[in-house]
Amino acid sequence: MKSYFVQYRPFFIFLLKFFVTYGVLTFFYQLYLNSFDAARFETDGFTKFVATQTNDALLLFGQDAYTLPHPSQPSVKLFLNEKFIARVVEGCNAMSVMILFVAFVIAFKGKWKHTVLFVLAGILIIHVLNILRIALLAIALYHYPKYEHVLHGVIFPLFIYGVVFGLWVLWVQKFSLHARAS
């Protein structure tokens with residue numbers, strides 16, 4: 001049994017770093033979310049920021065868009081061409097995806113400078129692509145509302161998770177200490 005742990009030690013260290021980092025970041029994010037009163041329908045600031053930036057992106061694309069606080073839910077209502085299209089809720093802000101991304105990069109060891117720069121760049125890329133994802137999803141839902149399940153549940157999640165997977169592969173192959181060793 002001991003030889004088993006010795007043989008797979010790097011894998012167990014990776015798992016430990018991943019779950020500790022993921023747990024700590026999730027804990028602090030949950031503390032942040034708990035500072036908003038869902039009973040009073042308060043939407044967290046980052047979700048409002050994402051909704052505002054999505055609205056700005058839609059306006060940049062030449063769309064007639066605006067947002068309003070949801071009167072009976074902790075979310076932001078997104079309108080396109082005077083039509084209510086979607087609610088931007090906490091799960092839309094990609095924070096959980098960013099936490100997952102950061103936990104993986106930290107767990108897959110690299111030089112600290114490279115790690116910090118890659119994490120910051122990755123978070124920025126995920127954020128910008130998430131804004132584009134929501135804006136494009138809003139336009140698609142406006143034109144093809146009957147495909148909401150496929151668009152919201154399959155195509156656009158594949159897009160954001162595909163990008164994160166690509167960033168992970170880039171990290172492992174180009175910047176981690178593993179890349180330097182192989």
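User: What are we looking at, and how is the chain numbered?
Analyst: A predicted model, in which local features need pLDDT of at least 70 and side-chain atom pairs count only at pLDDT 80 or more, while totals for chains, interfaces and linings use all residues. Residues are numbered from 1 along each chain as its sequence is written, and side-chain values use heavy atoms, with hydrogens and water left out.

User: How many helices and strands in the chain?
Analyst: Seven helices and three strands, in the pattern α-α-α-β-β-β-α-α-α-α along the sequence. These are DSSP runs numbered from the N terminus: helices are H or I with at least four residues, strands are E with at least two.

User: What does the C-alpha trace span along its principal axes?
Analyst: About 65 × 35 × 30 Å.

User: How much of the chain counts as buried?
Analyst: 36% of the 182 residues, where buried means under 20% relative accessible area with a 1.4 Å probe, protein chains only.

User: Which residues touch the most other members of the largest nonpolar core?
Analyst: L58, F101, V105 and I126, in a core of 47 residues. Such a core is a set of buried Ala, Val, Leu, Ile, Met, Phe, Trp, Tyr and Cys residues joined through side-chain atoms within 4.5 Å.

User: Which element gives the largest share of this core?
Analyst: α5, with 12 residues.

User: Back to L58. What is L58 in contact with, leaving aside neighbours within four places in sequence?
Analyst: Q63, A65, L78, L80, A135, A138 and I139; contact means heavy atoms within 4.5 Å.

User: Pockets now. How much space lies in the largest one?
Analyst: About 430 Å³. A pocket is an open set of points on a 1 Å grid over the protein atoms alone, where a 1.4 Å probe fits, with protein on both sides within 12 Å along at least five of seven lines; lining residues have an atom within 4 Å of a point. The volume is the space filled by probe spheres set on the points, which are joined across faces, edges and corners.

User: Which lining residues are closest to its centre?
Analyst: Of the 22 in the lining, G91, C92, R133, L137 and H152. α5 supplies the largest share of that lining, six residues.

User: And the second largest pocket, what lines it?
Analyst: P10, I13, F14, K17, A107, F108, K109, L177 and H178, around a volume of about 190 Å³. α2 gives the most to this lining, with four residues.

Note on methods
Buried means under 20% relative accessible area, exposed over 50%, partly exposed in between (1.4 Å probe, protein chains only).
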